[in-house]
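Hi everyone, thanks for coming. Could you put the sequence and the structure up on the screen, please?

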Amino acid sequence: MTNKGTILSGMRPTGRLHLGHQSVLDNWVDLQDQYNCFFMVADLHALTTGWEEARDINRNTLEMVADWLASGLDPEKSAIFRQSNVLQHAELHLMLSMVTPLSWLERVPTYKDQIQKLGEMGKDINTYGFLGYPLLMAADILLYKANAVPVGEDQLPHIELTREVARRFNHLFKPVFPEPQGIVKKEVAVLPGIDGAKMSKSYHNYISIGADPEEIQKNVNLMVTDPARIRKTDPGNPEVCVVHKFHRIYNRELLESIEEACRGGRTGCVACKKQLAGSLEKQAVAVRARRQEILSKPSYIEEVLRAGEAKARQVAGRTMQEVREAVFGS
Ligand code: SF4
């Protein structure tokens, strides 16, 4: 490890990723040259809300890591690993749970919100594991003494909790943990789903990373456009159109002319969608080829994960040594 600073980030293994994840992955790829990076397949976290689907986790891990590698994560630069194979995550979580007041977890904004939302979808997540997941996240970060964590705005409360937990541990025992900072990438444009809602697997409104031309075409055809536009010559309002939101990201340099043609009724939605599908396909083609190549050698993915786990265990083992000494004395 160099003294560049350390980043920890992860994703739950939910299978193939979609274009909504692309900006996160692009950011990870950039961070690889600036930090010592640990990218974690958060399989223990997947159990907190999806223990009924535990048997899908291994297959989903392969699919997700294939997307990571196809998008440019480099196992030579970053440790890519499964959380559950680095046992220190569970150990530190347990240690921290002894000194974390219950009220700190109960007040995490996503807690009650998620219980209600997932409850409405028929999921019972009134479990000890679900209450404790922000603390598991804190353990994930502190284990590598990460000083930076790339997050969305909605996850900042988790970073704040991690900082509080680190302060409390350092105060009660010995100063072991640095306080991490959340890095929010402001300019990341949020891609909606094809229906205009948040892109999500559960809403079935997504396009996969490296999708094939049929999937792209089918989903672009289903995108919601300006409902007031009946004829091709009617002036349109791109601001209310999902296709336009995609053009903003995938056709940035042509955006002005696309908007003018729409507003002036000089182009039809069919042609506009065709142009978008072409751009998405152009972008998907290289990722798709890399993805297929990676998935044709599942043993390669396994090797990447094993090497990442060995690297992660080294760092995590050193931290736990310090934690044990701080708590129990040497
Ligand atoms: S022309 Fe394009 S931007 Fe305008 S409403 Fe149709 S699909 Fe949307």
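I'll talk about the nonpolar cores and then the cavities.

Okay, quick housekeeping: this is a predicted model, where local features need pLDDT of at least 70, side-chain atom pairs count only at pLDDT 80 or more, and totals for chains, interfaces and linings use all residues. Residues are numbered from 1 along each chain as its sequence is written, and side-chain values use heavy atoms, with hydrogens and water left out.

So, which residues have the most contacts inside the largest nonpolar core? They're Leu 19, Trp 68, Ile 207, Met 223 and Phe 246, in a core of 44 residues. By a nonpolar core I mean a set of buried Ala, Val, Leu, Ile, Met, Phe, Trp, Tyr and Cys residues joined through side-chain atoms within 4.5 Å, and buried is under 20% relative accessible area, with a 1.4 Å probe and protein chains only. H13 gives the most to this core, 7 residues; helices here are DSSP runs (H or I, at least four residues), numbered from the N terminus.

Now the cavities. A cavity is a set of points on a 1 Å grid over the protein atoms alone, where a 1.4 Å probe fits but cannot get out, and lining residues have an atom within 4 Å of a point. Volume is the space filled by probe spheres set on the points, with grid points joined across faces, edges and corners. We get 2 cavities of 30 Å³ or more. The largest is about 120 Å³, and 17 residues line it, with Pro 238, Cys 241, Cys 262, Cys 269 and Cys 272 closest to its centre.

Methods. 1 Å grid on protein atoms, 1.4 Å probe; cavity = no way out; pocket = protein on both sides within 12 Å on 5 of 7 lines; lining within 4 Å. Buried < 20%, exposed > 50% of the residue type's maximum accessible area, 1.4 Å probe, protein only. Helix = DSSP H or I, 4+ residues; strand = E, 2+ residues; numbered from the N terminus.
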